[in-house]
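Have your viewer ready and a selection tool to hand.

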Amino acid sequence: MNFQFDPNELTKEKSLWDVYKLACNIRPSWVQVLIYLAVATLLTINAFFLHPVAKDLLIDVRGWASSGFNFTITTLGFLIAGFTIFMTVAKPEMMLAMMDHLDKETGMPTLKKNLMAFMRVFIAYLVCAAGYLFVMLFGQSNGLVSNLIHLLPNSDCIRDALIKIAYVLLGTSFCYLLLMLKSFIFNVYMIVMNFLRWEY
């Protein structure tokens, strides 16, 4: 089978940052964006208007960070293991044919578009895990963030604002990760259908 694409395109990305930049071409659906905004808005209303005592929210933030880190690392391990097995059984001829076909929506080769759909899930889980770990390491009582804030003028106001912002961000990140997991499941289905269509 003769292919038209440049073979260097297969190994063009040299780092995870290159993969991330390419994955940014895949945009979330408007429904996902609306869900993110709705969750962030409700958490903002709760943090800034309905529950103004930041110390109570700090307990939630620290608990969410710990739970979120465990969830992301555990789930990421399963996702990568499943993806590895899945790609091992994929036919190279079909994947090269997908590389030769351009996806109209993103302008990327179809193979990279399909793989980037998986990569953006992995990267999202990795970034969120790093955020949760940051809170766990530096957001504890008498931790680095707390000690740095005490050095600033109006430290109480800054501390309360940071706690509320962290509350909104961490809460929204759970919704984000759940929707990314939904996308991963759908992408597995689509790849299976592509395999079957190729065989047909």
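Sixteen is the number to start with: the lining of the second largest pocket has 16 nonpolar residues, along with eight polar and three charged ones. Keep in mind as you look around that this is a predicted model.

To find the spot, select V61, G139, V145, L162 and A166; among the 27 residues that line the second largest pocket, these lie nearest its centre. The space here comes to about 610 Å³.

Next, colour the helices α3 (54-88), α5, α6 (144-150) and α7, each of which supplies at least two residues of this second lining. Which helix gives the most to it? That is α7, with eight residues.

Now move on to the largest pocket, where about 820 Å³ of space lies. Select K113, N114, N187, M190 and N194 to centre your view, as these are the residues nearest the middle of a lining of 30. The elements giving two or more residues to that lining are α4 (92-99), α5 (110-138) and α7 (155-199).

Keep α7 highlighted: with nine residues, this helix also gives the most to the lining of the largest pocket.

Finally, colour the lining of the largest pocket by residue class. How many nonpolar, polar and charged residues will you see? There are twelve nonpolar, ten polar and eight charged residues.

Definitions and conventions. Residues numbered from 1 in each chain as written. Predicted model: local features only at pLDDT ≥ 70, side-chain atom pairs only at ≥ 80, totals over all residues. Heavy atoms only, no water. 1 Å grid on protein atoms, 1.4 Å probe; cavity = no way out; pocket = protein on both sides within 12 Å on 5 of 7 lines; lining within 4 Å. Points joined across faces, edges and corners; volume = space filled by probe spheres on them. Helix = DSSP H or I, 4+ residues; strand = E, 2+ residues; numbered from the N terminus. Nonpolar A, V, L, I, M, F, W, Y, C, P; charged D, E, K, R; others polar.
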